[in-house]
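Welcome! Let's take a friendly walk through a protein model, starting with a sheet and ending with a pocket.

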Amino acid sequence: MIKVWDYLKEYEILRDDILKAVDEVFKKGILIFGPKLEEFEEKFSKYIGANYGIGVGNCTDALYIALRGLKIGHGDEVITVSNTAVPTITAIVNSGASPKFVDIDKYSLIDVSKIEKAISKKTKAIMPVHLFGQSCEMNKIMSLAKKYNLKVIEDCAQAHGATYFNKKVGSIGDVGCFSFYPTKIFGAYGDGGFITTNNKELYEKMHRIRFLGMEKKKMSSGHWNGKYYAVEHGTNSRLDEVHAAILLKKLEHLDNWIERRRMIADRYNKELKDSKIELPVEAPNNKHAYYIYVVAHKERDNIISELAKKDIHLNISYPWPIHIMDAYKHYVEPNCNYLKNTEDQAKKIFSLPMYPTLTDEEQGIVIRELKKLL
Ligand SMILES: Cc1ncc(COP(=O)(O)O)c(C=O)c1O
């Protein structure tokens, strides 16, 4: 069987290191908010190129905490795309704000030429989603943000290590938000998330919000060094010591694994270039990290079911744009016609197996069977 994503071969390679790291945490006796989290926060924010980093429970929380940190909420609008994972929108709605959808370009990323038209008096932020592993056109987004005094929250859930003009995503906007959900480029063995920023004051606020809005306060009796005291309303979202320790081990391999993803993409590009399938394009000045390798064909449902018969498993991210889903369709006018590229793409895209431990032989089988079918 060839899965569209798999972590078991990776686990075989890392097993000894991971079990040792977990054992170290268990023996130390600190399970939450300890030295592994501090080390990971320092190392991962450095890897991204940001001054500050905060480990949280998942990326949905990271996006929500970023919005709260930037004081975005009721009555505000956040510009983003509709071809994203639901949590991008969940976070915006949880903050009290509303999503304002902009169509996408040929790279499946926010079409920056359409952002200005979507800006209203209520707009407070742009949330570009670095979808499938590559960066949105951040220069244009940052200059629009400056012109209209908007904040920029980068949704980097799918793009760890991807660069734009040699800068890693998550180091360009006001805040970067990452997911360590197991399938991601940099995945944990459970849930996890991360927030990056270069702004100290914002860092301190988001740091507080992730832990119930609390800070240590001295008791007047003087008997305690400090007990937790809520200075503002927060939430509870923590990256635990076990996951910080596992991610520290995995961080040592991240760049090699991204290179391996790029090699796999390169082979797909070369060997499928004369087939009738539309292939992904790397945008100018970008280094794509290939979270997934997304292609398009109008017969995609047939292709997926035919290859499944050969035990080759493909996926669709995402078959429905957010703005047509029952939960969120009230954020657009009925029969809205300004998200046409988003709707068209959703009908034909699908993804081929992509993960660093996919073998050359397995990839060869995928390519051969796909070509035979086409
Ligand atoms: C683009 C995008 N944003 C946000 C998220 C949310 O990540 P998490 O599952 O860690 O909350 C995901 C994960 O599916 C995602 O793909």
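## The sheet

Strand 5 (residues 151-155) and strand 8 (residues 175-179) run parallel and are joined by three bridges. Within strand 8, G176 is the bridge partner of E154. Strands here are DSSP runs of E with at least two residues, helices are runs of H or I with at least four, and both are numbered from the N terminus; two strands pair if DSSP finds at least two bridges between them.

Seven strands make up an open sheet with mixed pairing, in the order 1-9-8-5-4-2-3. Strand 1 (52-56) and strand 3 (98-102) stand at the edges with a single partner strand each, so one side of each has no neighbour in the sheet.

## About the model

This is a predicted model, in which local features need pLDDT of at least 70 and side-chain atom pairs count only at pLDDT 80 or more, while totals for chains, interfaces and linings use all residues. Residues are numbered from 1 along each chain as its sequence is written, and side-chain values use heavy atoms, leaving out hydrogens and water.

## The largest pocket

Which residues are the closest to its centre? Of the 21 lining residues, they are K106, Y107, S108, E278 and Q345.

Strand 13 (293-296) and helix 11 (340-348) each give two or more residues to this lining. Helix 11 gives the most, with four residues.

Key
On a 1 Å grid over the protein atoms alone, a cavity is a set of points where a 1.4 Å probe fits but cannot get out, and a pocket is an open set with protein on both sides within 12 Å along at least five of seven lines; lining residues have an atom within 4 Å of a point.
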